[in-house]
Amino acid sequence: MAVTQRRRGLLTVVLVLPALAAFMLWAFAWPVASGGPHDLPVGVAGQPPAADELAARLDARDGAFDVHRYPDEATAREAIAEREIYGAFVADGATPQLLTAGAASPAVAQLLQQLATEQAPDGVTVTVVDVVPTPPGDPRGGAFTASLLPMAVAGIATGALITVTRLRGRWALLALAVAAPLTGAVAAWLGDSWLGVLAGDWWTVAGTLTLFVLAGGATVAGAAALLGPRGIALGGVLLMLLGNPWSGASSAPEMLPEPVGVLGQFLPTGAGATLLRSVSFFDGHGAAFPLAVLLTWTAAGVAAILLSRRRAVPPPGAAAAREPATAAV
């Protein structure tokens, strides 16, 4: 029997670890290797015929861009500030001009700048204006992206600790209600007050980080309440192995291969990243959908916790009925 168990354990290690490595490489490396603009919202501002020609050149790039037309530069700037587009090519005047939003995605801003330079006539310099820049403390946006991984880990850890400490029902909900705001406040202090990589209203940022952790913790704790320890693994897959690389936080959801960019926004990590970017740099514009996603995951996790608690409670008299049976045996 012992030899059989060892053989099974050896077979499990030999098969599971390569499969896990292959899955992680697929989840993390494939979106990067296959990345590129897919219906990336950009604008063209100006009057015909110059604006028409520029829009036609963008439309001809095999679905890479979703081109929006604007009558002038001011309207395009407003669209960028409201997160309708990532940038705009301005065709008014003799000098080409590009409007970008580094806070929306430094990678996309760089892509648009390269594209504008390629399309400009020889010897003509493109004027680049960053309408919504990144904070001075994080000019390349790397710290913002790096801050999302600890928040996803915090959500997983919260749900896992609730599970291993055997908190159930209202005690599990109380742990979520206390741990998530504390974590969100600490993260807001570090990212906003100390490092300066986040902007916007401090309390709104703290609330967003709180909801980020709450959605992750509720998802893991709810899955574990229904599935046991396997639920922690499932939560880890959703928040980390899939949620992190599919979030588009380091570039943009539209820069990921289809349908990964769309699916990632329905997961807690992708929604949390988008919501945090919206409230930090864009006054909450574009926050409705990711907010709804995080609230949905939170509600589903809470419902799973309460459902498992209700199922675990024995009916009245069950304990008394078991005692005579045990005594008879």
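**Figure 1. D283 in the loop between α10 and α11.** D283 is found in the loop that runs between helix α10 (residues 268-281) and helix α11 (residues 288-312). Helices are DSSP runs of H or I with at least four residues, strands are runs of E with at least two, and both are numbered from the N terminus. The model is predicted, so that local features need pLDDT of at least 70 and side-chain atom pairs count only at pLDDT 80 or more, while totals for chains, interfaces and linings use all residues. Residues are numbered from 1 along each chain as its sequence is written, and side-chain values use heavy atoms, with hydrogens and water left out. Phi of D283 is near 55 degrees, a positive value in a residue other than glycine. D283 has a relative accessible area of 73% and is therefore exposed; buried means under 20%, exposed over 50% and partly exposed in between (1.4 Å probe, protein chains only).

**Figure 2. D62 in the loop between α2 and β2.** Strand β2 covers residues 65-70, and D62 lies in the loop that joins α2 to this strand. With a relative accessible area of 77%, D62 is exposed.

**Figure 3. Two cis peptide bonds.** P49 is placed in the loop between β1 (residues 40-45) and α2. Another cis peptide bond joins E258 and P259, where omega is about 0 degrees. The loop between α8 and α9 holds P259.

**Figure 4. A patch of negative charge on the surface.** The patch gathers D39, D59, D66 and E258. Patches consist of residues with over 30% relative accessible area and no salt bridge, like charges being joined within 9 Å and nonpolar side chains (Val, Leu, Ile, Met, Phe, Trp, Tyr) within 5 Å. A salt bridge is a side-chain nitrogen of Lys or Arg within 4 Å of a carboxyl oxygen of Asp or Glu. Lys and Arg count as positive and Asp and Glu as negative, with His and the chain ends not counted; each charge is placed at NZ of Lys, CZ of Arg, CG of Asp or CD of Glu. Helix α2 (residues 50-59) contains D59, which is partly exposed at a relative accessible area of 48%.

**Figure 5. A nonpolar surface patch that includes V16.** L10, L11, V13, V14, L15, V16, L17, L20, M24 and F28 make a nonpolar surface patch of about 890 Å². Areas come from the Shrake-Rupley method with a 1.4 Å probe, and for residues only the protein chains shown count as cover. V16 is located in helix α1 (residues 2-33). At 45% relative accessibility, V16 counts as partly exposed.

**Figure 6. The surroundings of L242.** L242 is found in the loop between α8 (residues 229-241) and α9 (residues 260-264). Its relative accessible area is 13%, so L242 is buried. Leaving aside neighbours within four places in sequence, L242 is in contact with F23, W26, A27, V237 and L267; contact means heavy atoms within 4.5 Å. The C-alpha atoms of L242 and V108 are separated by 22 Å, the two residues being 134 residues apart along the chain.

**Figure 7. The surroundings of T208.** Helix α7 (residues 202-227) contains T208. T208 counts as buried, at 5% relative accessibility. Beyond its neighbours within four places in sequence, T208 is in contact with L275, L276 and V279.
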